[in-house]
Amino acid sequence: VIYPSVEKVDDGRTGPALGSGPVTLTFVGRHFGRKGGIACLYLSDRLERLGIRHEMHIVSIYESGPHIWTDTGEEYYRAQLREPRSSVSFHSRLPSTDLAALLRRSHFALLPTIDETFGLSVLDAMALGCVPLATGIRALPELVPSPALLLRVETDALGRWRHLPASRERRCTADYRLLMDDVQHSLAQQAAAAVGRLLPTPNLH
């Protein structure tokens, strides 16, 4: 099955070889909070501490905050975006040709989301040769080619993160903010471990 926005690839395309330079990781998502932008920033921090050379690209309009059904207060996200991170490059909207070029030279496509439906961006990235690292919720386990590339969260009977709050008021509480931060750190830790398992030692500082 070829989905409408996914390029059909017949040339055996694979991504750039790991070990030939810094690891390149790319996150694409309009909803910066819901799709795991904070986990990506924490992942960069972890890779730095592990001495793993990397370049991370964040492509987003950085929409976040409690008007989105998963998100806590907006300042939580803004505070992390203000933190200096030398290995992270931030992009706003990119033309589709530029985004495709970025994904073609990326080793990993990141989607550490806490709520998703189909995950079409994973298919787009895989069609361009990226290895996906994505949360194992909803349809994503059916799309990601290996369980080793899935990031774990607690899920309910429908495959959704089990701690999604029902109300905006609950999302704005300190308890939910702490829970959200714990989940983002957990996703980052799992993603760092997955990168490390696939990484040849020449990528170390």
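Author: Helices (H or I, at least four residues) and strands (E, at least two) are DSSP runs, numbered from the N terminus. This is a predicted model, where local features need pLDDT of at least 70, side-chain atom pairs count only at pLDDT 80 or more, and totals for chains, interfaces and linings use all residues. Residues are numbered from 1 along each chain as its sequence is written, and side-chain values use heavy atoms, with hydrogens and water left out.

Reader: In what order do the elements of the chain run from the N terminus on?

Author: The order is β-α-β-α-β-α-β-α-β-α-β-α-α. That gives seven helices and six strands.

Reader: What is the radius of gyration of the chain?

Author: The radius is taken over C-alpha atoms, and the globule rule is 2.2 Å times the number of residues to the power 0.38. For 205 residues, a compact globule would come near 17 Å; the chain has 16 Å, which agrees. The C-alpha trace spans about 50 × 40 × 30 Å along its principal axes.

Reader: What share of the residues count as buried?

Author: Buried means under 20% relative accessible area (1.4 Å probe, protein chains only). In this chain, 49% of the 205 residues count as buried.

Reader: Among contacts between residues at least 6 apart in sequence, what share join residues at least 24 apart?

Author: Contact means heavy atoms within 4.5 Å. The share here is 70%.

Reader: What is the mean pLDDT of the chain?

Author: pLDDT is the predictor's confidence in each residue, from 0 to 100. The mean is 91, and 91% of the residues reach 70 or more. Over residues 1-11 the pLDDT is below 50; this stretch has 15 contacts in the model beyond near neighbours in sequence.

How values were computed. Buried means under 20% relative accessible area, exposed over 50%, partly exposed in between (1.4 Å probe, protein chains only).
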